[in-house]
Every structure is written in C-alpha cells, then in structure tokens.
Amino acid sequence: MTDDLLALKSDTDAALAAATDLRAWDAIRVAVLGRNGTLTGLLRDLGKTAPDQRRERGAALNQLKDALNTAIEARKAQLETAALDTRLTSERIDVSLPVRPRPQGSIHPIARTMEEIVAIFGAMGCTVSDGPDVESDWYNFGALNIPAHHPARADHDTFYLPAMGDKPPPVLRTHTSPVQIRTMLLQPPPIRTIVIGRTYRADHDATHSPMFHQCEGLIIDRGLTLGHLKGCLTDFLRTFFDIASLPVRFRSSYFPFTEPSMEVDIGWNRKTGELGKGGDWLEILGSGMVHPRVLANCGIDPREWQGFAWGMGVERVSMLKHGMPDLRPFYESDIRWLRHYGADPLVPTMLHEGV
Ligand code: DAH
C-alpha cells in the first residue's frame, strides 16, 4: 500500500478510536465511505492512473476498502455494546419492589344496565322515582285496575305477607307499576319518570328468579298518542342495544292498566341469538296508553291528561345485550363470572350520539 493509503487507514483508525458515540462514528463512516468520502474519491480517480500502475493501485484500494469496512463495523459493534451497557446500568429495575395491584372490582352487569337505562331516559327528560318493595294490595293491584279475583292476579305468582287486621295481605311488589300510582298521587302532571328496582315473583328457573329487576316508565301530558309511545320506546331500544336499524314491532296485547296495550318485539335471529337481523321477533317489553280508570284512581282527569307507560325486565335486556344464556349467575357472586361480565368502573356509561 502506498503512503497516502496507509495514512488514510491510520487517520481513520485514530478517528474511530476517538469517537465515543454512534453519531460521531457515523460522521466518520460518511467522511470515508460516503458518496463524497475520501476512499470513494480515490476509487473514482482510479481511471486517471497511468495504465501500467492501475492494476496495482486498484488492488491496493480494494484491500484498503476491506480493511476500512472491517474497522468501521468493529467500532460500531463496540459503541453499540457500550451504549447498551450504559442503558442497562441506568435503567436498573428493583425487582424486590411490590407490584402495584390493579383494581380487581367491576360493576355488576345489573347495576351497569340500570345505569345505562337511567342515562338514556334521563337524556329524554325523565326523573327516577322510587317506591317500597313491600306494597299494599291496592298499590300493587287495585289502583292499577286489577281488582280481587281478576285473572291477571294469577299470572303474578305473588308472595303474600301476613295480613294485618282485616285488610288484604301486603305483598312483595310483583312489578314496578305500583310506583306509577305513588308518583301520580304525589305530583301533578305533566310527569316524565322511570322507576327501576327490585320485583318479586314465586318462580325459579333458567330465565326466572324469585327476585328480579324491572324498569317502568310513565309519561303523562296533554295530547299524548300512541305515536309518542312508539317513538320513545323505539329510540330507547335502538340506543340501548346500540343498533341504529334495530327492527321494532308493536303488537296489540292486554294489560289491565293500559288501553290500548301493546307488547314490543325486536328483530333478532332465533338460531344465533344475534340482534338486529335474522327475521325473527323477540318480545322485550309491555306498554300501553294509561287506562283512564288508573288516571282517575290517582285524581287525574283523563279528559284533560293522557299518558303512556311501559315495563321491562332489567335482567332480560342485560342478558340479550351481552349474550348471556342463563339468569341465575347474576345472583351467584361467582368471581370468574363477575370478572367476565362485570364492567370497568372507570369507563363511564356511554351514551349513543344524538340522544
Ligand atoms: N307490569 C307489567 C308486568 O310486570 C309490565 C308493564 C306492562 C308495565 C305494560 C307497564 C305497562 O307500565 O304499560 O308484566
């Protein structure tokens, strides 16, 4: 190798040794091997070399190029190892520190479903009303136009409590409808309210529990029609199930406290359980225009005020929304089930846009 080539090699070696980080190293690489680098320039000038010396000069340049490449890559490896070592010592983790525990709790799906229902009807302007679990016969049945010996009483599998005096025995409320009566007696119309709470019936299997939850709605105003009822419940169901095109069907039915009465069905696929399409219908709630006799029982003049009402099972809509096949685990406190179906307490109830 000629002197100029030997000098280039030793200068590069010295510069590499002086480089203490990868940025300095890269500057040297570019200065020697880059497009305008020293060695690149020498190789380009090879054509100007006298033909008799060109072969020898070419071989020397190639030899130098290999040597420089090797030296440059070797220094890179050294600098990378050093950088990693520095990082490893500076980022040391004390594994003896206790792990910060993640919160284990979750919101029970019934509580979460109730929050969602309240949020949706709340956005429509409803308040939430409350009543006792133990009701008199009159609130639970009589005022709702279900007199003694009415066949509808037989459907309710009522839990009767010991009678006091000669009054009919009190009951564990079989539905949330008695709170309609309490609300109408307590406040003058217009009324927009929902009731959400525990109800009781002597029935127990995969889809029935002796204690379950209902959501009742009561809207009283002037000039209310079936159209208002249909719009309100359709909006609710599409928002709750988060399916904008959910098919909703109103089917005429009978309840003693409404006239006319309608059961509400949503579209689903009976085979797969998927909601929103599939051509089958699933009954989801009961509703109707408040019976004039019920309004009159509460001192509201049915010629001036109309109302609509509805009732639905909280567990039922929760099961449908989350694809749960069985009702019983709701009450079993199985920690694995709660972890699976429980909601994150830090995620607020989501509201559908435009509610
Ligand atoms: N109380 C009824 C039940 O438990 C549900 C219901 C139906 C409530 C129609 C209503 C209504 O307010 O209008 O089966």
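# Exercises on a predicted protein model

Of the 355 residues in the protein, buried residues make up 40%, where buried means under 20% relative accessible area, exposed means over 50%, and partly exposed lies in between (1.4 Å probe, protein chains only). The model is predicted, so that local features need pLDDT of at least 70 and side-chain atom pairs count only at pLDDT 80 or more, while totals for chains, interfaces and linings use all residues. Residues are numbered from 1 along each chain as its sequence is written, and side-chain values use heavy atoms, with hydrogens and water left out.

## Exercise 1: overall form

Task: State how many helices and strands there are in the protein, and explain why it is described as more spread out than a compact globule.

Solution: Begin with the secondary structure, which comprises 12 helices and nine strands; helices (H or I, at least four residues) and strands (E, at least two) are DSSP runs, numbered from the N terminus. Next, take the radius of gyration, which is 40 Å and well over the 20 Å that the globule rule gives for 355 residues, so the protein is more spread out than a compact globule. The radius is taken over C-alpha atoms, and the rule is 2.2 Å times the number of residues to the power 0.38. Finally, look at the C-alpha trace, which spans about 130 × 50 × 40 Å along its principal axes.

## Exercise 2: contacts and surface

Task: Find what share of the contacts with a separation of 6 or more comes from residues 24 or more positions apart, and what share of the accessible surface belongs to carbon and sulfur atoms.

Solution: For the contacts (heavy atoms within 4.5 Å), residues 24 or more positions apart account for 65% of those with a separation of 6 or more. For the surface, the accessible area comes to about 20,100 Å², and carbon and sulfur atoms hold 55% of this; the areas come from the Shrake-Rupley method with a 1.4 Å probe, and for residues only the protein chains shown count as cover.

## Exercise 3: the strands around β9

Task: Determine which strands pair with β9, and whether the residues of β9 are mostly covered or uncovered.

Solution: First, strand β5 (residues 211-221) runs antiparallel to β9 and is joined to it by eight bridges, with E216 standing opposite G311. Two strands count as paired if DSSP finds at least two bridges between them. Second, strand β8 (residues 280-290) also pairs with β9 in the antiparallel sense, over four bridges, and here G288 has A309 as its bridge partner. Third, strand β9 itself (residues 306-313) is mostly covered, since six of its eight residues are buried.

## Exercise 4: a hairpin and a cis bond

Task: Describe how β6 and β7 are arranged, and locate the cis peptide bond that involves P260.

Solution: Strand β6 (residues 248-255) and strand β7 (residues 258-268) pair in the antiparallel sense over seven bridges, and they form a hairpin with two residues between them. Within this pairing, S261 in β7 is the bridge partner of S253. P260 lies in β7, and a cis peptide bond with omega of about -5° joins E259 to P260. A further cis bond, with omega of about 0°, joins P189 and P190, and P190 is found in the loop between α8 (178-186) and β4 (191-200). Most residues other than glycine have a negative phi, and most peptide bonds are trans.

## Exercise 5: the setting of I110

Solution: By comparison, G34 is 76 residues from I110 in sequence and 68 Å from I110 in space, C-alpha to C-alpha.
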